[in-house]
Amino acid sequence: MKKLSEYITMSVVPVRSAFKTFFIFRVRYTPRRIMNFILATVSMHLSRILRKPIVWGYPPILMVEPTNICNLKCPMCPSGNGDMKRAQGKMDLENFRKLMEDIGDYIYQVQFWNQGEPFINRVFLDFVKTAKEKGVMAMTSTNGHYIRTDETAEAIVRSGLDQIIFSMDGTNQETYEKYRVGGNYNLVLETLERLSRARHNLKSRTPLIELQFIVFKHNQQEIDKLIELARRFKIDRIAFKTAQVYSEDQARTYLPEDENFRRYTYNEQGLQMKGDVPNWCKRLWMNSTVNWDGSVSPCCFDKDADHAFAYIFENGDTFSKTWKNKKYTAFRRQVLKDRKAIDMCRNCTEGLEEPYARIIELEDLKQK
């Protein structure tokens with residue numbers, strides 16, 4: 001009999017996941033939003049074919065960083081290990097509201113994450129409500145340490161949040177804290193139970209609850225245990241992610257033995273990504289990132305906003321102006337010409353055939 005863990009290599013994003021997202025998440029598919037998606041998609045493909053940056057519309061997906069402050073000390077995360085160079089802070093609610101007034105009618109999804117723990121920003125749920133008032137899908141990712149009361153859990157459900165992802169890289173305190181340094185495993189379990197109960201009591205299908213499990217050398221044997229845990233807490237989905245490392249020392253310490261859960265090859269030639277990084281990146285047309293201080297970065301791999309195209313909370317600047325400005329255009333041109341010349345792109349999974357995550361729906365495993 002196959003182990004449950006063997007089923008997670010069957011599909012990167014199951015069809016069920018896509019349908020569930022479409023029918024459960026609450027998005028207003030307005031003519032403007034639909035047309036923007038079409039324009040962005042067409043200009044993206046034209047740019048790839050013609051090898052020059054053509055940009056129509058705005059990104060359908062926006063990553064927004066509520067804060068870059070975190071309570072944990074994860075060893076390969078710049079927020080936790082102290083490597084981050086940019087100043088720490090929390091996004092002001094008024095600035096986010098202005099951002100939504102600027103492009104909220106065009107985007108269909110806001111991802112409330114980047115660096116930091118979103119719930120450290122005490123008005124975070126007001127960010128969610130603002131996005132939902134615009135008819136935008138709202139998602140967040142958390143380490144689960146700040147949802148400590150039933151009232152907070154119910155407030156999350158009532159806010160309209162569509163999806164919440166919990167970082168859960170272990171099935172006991174010892175394994176969990178090897179990467180989530182300073183974390184409290186039992187507190188996260190209490191949070192999962194609390195939120196699941198609140199969703200049930202309020203008769204809501206949202207937020208969809210997902211566990212994110214980064215597969216390391218020290219936890220690779222716990223995949224089946226995590227699936228059983230997810231069933232117990234009525235979790236909807238699990239994402240099994242490969243680890244991103246920055247050195248051979250980290251590779252030796254953290255990369256699992258199973259090649260299915262490694263985005264790198266590691267041998268006598270050293271550490272290398274699987275596959276060649278293409279001169280192409282869809283994120284430069286379909287996504288963008290706004291950090292807590294208004295710096296606009298190309299993506300979450302720009303940890304210190306070294307490639308910031310503008311600071312939209314200063315000098316009357318806006319995202320809509322920044323999206324097509326000279327700096328952004330020059331960056332797209334460089335990616336289309338020689339993406340490997342950009343340091344952060346050499347350690348990026350975008351465009352590679354090898355998936356960096358595999359997702360399973362718990363419903364798909366009921367009969368396994």
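**Entry 1: salt bridges, overall.** I'm working from a predicted model. I searched the whole structure for salt bridges and got 20 of them.

**Entry 2: around R237.** I looked up E210 and found it in a salt bridge with R237, with 4.0 Å between the closest N and O atoms. This pair reaches across the chain: E210 sits in strand 5 (residues 208–215) and R237 in strand 6 (residues 237–242), 27 residues apart. Are E210 and R237 buried or exposed? I checked, and both are buried.

I then noticed that the side chain of R237 also meets that of E361 in a salt bridge, at 2.6 Å from N to O. R237 is in strand 6 and E361 in strand 11 (residues 357–361), so this pair ties together parts that lie 124 residues apart in sequence. E361 is buried, as is R237.

I also jotted down a network: R32, E101, D105 and K134 are joined through salt bridges that share partners.

**Entry 3: a pair within a helix.** Next I picked E228, which makes a salt bridge with R231; their closest N and O atoms are 3.0 Å apart. How are E228 and R231 placed in helix 9? They are three residues apart in that helix (residues 223–232), so about one helical turn separates them. I looked at accessibility too: E228 has a relative accessible area of 42%, so I put it down as partly exposed. R231, at 29%, counts as partly exposed as well.

Entry 4: I traced the strand order and wrote down 10-9-1-2-3-4-5-6-11, nine strands in an open sheet with mixed pairing.

I zoomed in on strands 5 and 6, which run parallel and are joined by six bridges. As one example, I found that I214 has K241 in strand 6 as its bridge partner.

**Entry 5: helices on the sheet.** Helix 4 (residues 93–103) packs on the sheet and touches strand 1 (61–64), strand 2 (109–112) and strand 9 (287–290). I noted its direction at about 170° to that of strand 1.

Technical notes:
Residues are numbered from 1 along each chain as its sequence is written. This is a predicted model: local features need pLDDT of at least 70, side-chain atom pairs count only at pLDDT 80 or more; totals for chains, interfaces and linings use all residues. Side-chain values use heavy atoms; hydrogens and water are left out. Helices (H or I, at least four residues) and strands (E, at least two) are DSSP runs, numbered from the N terminus. Buried means under 20% relative accessible area, exposed over 50%, partly exposed in between (1.4 Å probe, protein chains only). Two strands pair if DSSP finds at least two bridges between them. Contact means heavy atoms within 4.5 Å. Axes are lines fitted to C-alpha atoms, for helices over the stretch in contact, and angles run from 0 to 180 degrees between N-to-C directions.
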